[in-house]
Amino acid sequence: MSSNKIVLVGYSGHGFVVAETAKAGLMNLQFYTEKEQMTTNPFGLTYLGFESDASFSEWDQSYDYILGIGDNAIRKKVAQLILSKNKTLLNAIDPSANISEVISLGQGNFIAKNVVVNALAAIGDYCILNTGCIVEHECRISNGVHIAPGAVLLGNVSVGAQSFIGANAVIKENVTIGQNVIIGAGAVVLNDVPEGSKIVGNPGRSI
């Protein structure tokens, strides 16, 4: 793990959960960036400013970054900005997560409490695996995906970039989900899902 000081990008809602995970994992979390200084600062972090402002002057410091942004599109945009500055995006992984030693894991990911990731799964960059979700063996999760709390991806599921899998959704084994798909909370997905679809219900249907 890097010994650099760590900056949390996004410090509200989801960002608080990421901060707690970083602290639990003994990461050297010191700073945050936001559009404005937060009145609520439960982890005592120092405000650096807004990373998207032209006046932001901290890129040359010896800082690494973690992402506290829930929205897929914004998280992708910020991740690409940070990487364009030749900075390092770290993974924030809760100590309670149960992760196989034989997975592929990219950068800038958040893996929350009680997540399970089983053998030969492949997780891309800047994804969210939220509280208690299960990613079974040989699943392939592309960049920028958000898997919400309690969702279950059975074996050999593929999820396209920037897709969202809602809370407690279940994806049947061998299903392929395209890019920019939204799977509603509690949906049961039995068949492949085309790019850009919105799926709800049990069994899942397009709306």
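Modeller: A residue is buried if its relative accessible area is under 20%, exposed if over 50%, and partly exposed in between (1.4 Å probe, protein chains only). Helices (H or I, at least four residues) and strands (E, at least two) are DSSP runs numbered from the N terminus. This is a predicted model, in which local features need pLDDT of at least 70 and side-chain atom pairs count only at pLDDT 80 or more, while totals for chains, interfaces and linings use all residues. Residues are numbered from 1 along each chain as its sequence is written, and side-chain values use heavy atoms, with hydrogens and water left out.

The part I pick is strand S1. Four of its five residues are buried, so S1 is largely enclosed by the rest of the structure. Two strands count as paired when DSSP finds at least two bridges between them. S1 runs parallel to S4, and five bridges join these two strands. Within that pairing, Ile6 has Asp64 in S4 as its bridge partner. S1 also pairs with S2, again in the parallel sense, here over four bridges. Leu8 has Tyr32 in S2 as its bridge partner.

Tyr32 leads on to the aromatic rings. Rings of Phe, Tyr and Trp (its six-membered ring) pair if their centres lie within 6.5 Å; planes under 30 degrees apart count as stacked, over 60 as edge-to-face, and the rest as tilted. The structure holds six aromatic pairs. One of them joins Tyr11 to Tyr32 in a tilted arrangement, with 4.5 Å from centre to centre and 40° between the planes. This pair links distant parts of the chain: Tyr11 sits in the loop between strand S1 (5-9) and H1, Tyr32 in strand S2 (residues 29-33), and the two are 21 residues apart. Both Tyr11 and Tyr32 are buried.

Phe31 and Tyr63 form an aromatic pair too, tilted at 40° between the planes and 4.8 Å centre to centre. It links distant parts of the chain, with Phe31 in strand S2 and Tyr63 in strand S4 (residues 63-67), 32 residues apart. Phe31 counts as buried because its relative accessibility is 10%. Tyr63, with a relative accessible area of 12%, is buried as well. Beyond the pairs, Tyr11, Phe16, Tyr32 and Tyr47 form one aromatic cluster.

Next comes the stretch of chain that lies between H1 and S2. The loop there holds Leu26. Leu26 has a positive phi of about 60° although it is not a glycine. Most residues other than glycine have a negative phi, and most peptide bonds are trans. Leu26 counts as exposed because its relative accessibility is 74%. Leu120 has a positive phi as well, near 70°, and is a residue other than glycine. Leu120 lies in the loop between S9 and strand S10 (122-123). At 54% relative accessibility, Leu120 counts as exposed. As for peptide bonds, a cis bond with omega of about 0° joins Asn202 and Pro203. Pro203 is in the loop between strand S22 (198-200) and strand S23 (205-206).

Glu20 is partly exposed, with a relative accessible area of 40%, and Lys113 is partly exposed at 39%.

Arg140 stands opposite Ser158 in S16.

As for the whole, the protein chain has two helices and 23 strands. Its C-alpha trace spans about 50 × 35 × 30 Å along the principal axes. Of its 207 residues, 46% are buried.
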